[in-house]
Amino acid sequence: VTSFERRTHTAQEALRAADVAGLVLSPGSNLRYLTGVAQSPSERLFVCLVPATGEPTFVVPELEAETVRETTWIDDIRTWQDGDDPTEQLADVLGDVGRGRLLLDATMWTRFTLRIQRIDTDREYGLAEEILGPLRARKDETERDALRRAGVVADRVMTQLGNDAASFVGRSEADVAREIERRLADAGGEGVSFEPIVAAGPNGAKPHHAHGDRRIEAGDPVVLDFGTRVDGYPSDTTRTVVFEGEPSDEFEQVHDVVREAQTAAVERVEPGVEARTVDAAARDVIDAAGYGESFIHRTGHGVGLDVHEEPYVASDSDTVLEPGMVFSVEPGVYIDGRFGVRIEDLVVVTDDGCERLNESPRGWRVGSSD
Ligand code: CO
């Protein structure tokens, strides 16, 4: 039994326990999680119906069928061809599902959601994450292994950037971002898990500034936030460094505060603790240093097939941490018009604490850990 099949059986048990008739999945992370099929969404109808009891069924375009057959453990694959209307096949499959609510993928395109709802007007509908959210939040061994390896690739590149620091002064943020992409690929990663962030000087004060044409100057703090994928699972790590020269005293001070906040938050991670406690641990340190107003986002987000998923580590998150959960711990302080500092590692909750998935040096002076 593959891990995909095992996950599907677990999901079906949860469906029965919640009195839900089934799931309708479209191309995206939920589909990949249960079936192994990594398909991009398109205008052609492509769904997988997972009933609470019995075998799942795919309805897919003929031109994708062979890829699906090669990838998935599911046998019942029905196809339709360009020029045909797949509505009848879809109606057949939906007709076989027992009574009760049907949960659809949150990322299903509205055109398909409406088509399903028009076929089956009597049913109640909800979101698949109701069942799959809690299951996906606890990573199985296969997933943890992929996340670890993705972390190692990102760490290797982060460490290399430190070693080659002087060569980045004078180059544009965008140019350094391309260099990061090349190095991630060379180190064994599959693409990037999101557009790399290279934010120099005042650009660092915008948490989601990606990169632009600003040239990195000596003394500039630079926020580097990037990741790649291994076996479909992403990395996501951030360091704030100075490639060459001396930064301002306030930057050094803020960097110390953020680093202390990050350590305090990681130390609070263990099973049974609410996610908000981890957020508070970081926030308390930053508040005490007088920078509370400048920490303008939550402390972290879950990471799995999606780079942002459950559990969220925020001030209002009552999610209780469980072994196998993986999330980022990434406090930051942003000083408008001057600089930003963020330090981010992924952690996996273990039986008695947590394991960090990132271990590249955390100091701002590149190549050193202090
Ligand atoms: Co992140």
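Author: In this predicted model, strand β1 (residues 20-25) pairs with strand β5 (residues 101-104) in the parallel sense, over four bridges. Within that pairing, Leu 23 has Leu 103 of β5 as its bridge partner. Strand β5 is also joined to strand β6 (residues 125-127), by three bridges, and these two run parallel.

Another group of strands is paired in the antiparallel sense: three strands form an open sheet in the order β7-β8-β11. Strands β7 (197-200) and β11 (237-242) stand at the edges with a single partner strand each, so one side of each has no neighbour in the sheet. From one strand to the next, the twist averages 15°. Four bridges connect β7 to strand β8 (residues 221-226), the two running antiparallel.

Helix α7 (residues 141-163) lies across β8 and β11, and runs at about 160° to β8. Helix α8 (residues 173-186) touches β7 and β8, and its direction makes about 150° with that of β7.

The cobalt ion has as its protein donors Asp 236 (OD), His 301 (NE2), Glu 330 (OE) and Glu 344 (OE), which lie 2.1 to 2.4 Å from the ion. In sequence, these donor residues follow the spacing D-x64-H-x28-E-x13-E. His 301 lies in strand β12 (residues 300-302), while Glu 330 is in the loop between β14 (326-329) and β15 (332-335), so this pair ties together parts that are 29 residues apart in sequence. His 301 counts as buried because its relative accessibility is 2%, under the 20% cut-off. Glu 330 is buried as well, with a relative accessible area of 9%.

As for geometry, the angles among the four donor atoms of the cobalt ion run from 77 to 154°, and the site is irregular. A tetrahedral assignment would need all angles between 85 and 135 degrees. For four tetrahedral donors the ideal angle is 109.5 degrees. Water is not among the atoms, so the site may look incomplete.

Methods:
Residues are numbered from 1 along each chain as its sequence is written. This is a predicted model: local features need pLDDT of at least 70, side-chain atom pairs count only at pLDDT 80 or more; totals for chains, interfaces and linings use all residues. Side-chain values use heavy atoms; hydrogens and water are left out. Donors are N, O and S atoms within 2.8 Å of the metal (3.2 Å for Na, K and Ca); water is not among the atoms, so sites may look incomplete. Four donors count as tetrahedral if all angles lie between 85 and 135 degrees; four count as square planar and six as octahedral if opposite donors are over 155 degrees apart and all others between 65 and 115; anything else is irregular. Buried means under 20% relative accessible area, exposed over 50%, partly exposed in between (1.4 Å probe, protein chains only). Two strands pair if DSSP finds at least two bridges between them. Axes are lines fitted to C-alpha atoms, for helices over the stretch in contact, and angles run from 0 to 180 degrees between N-to-C directions. Contact means heavy atoms within 4.5 Å.
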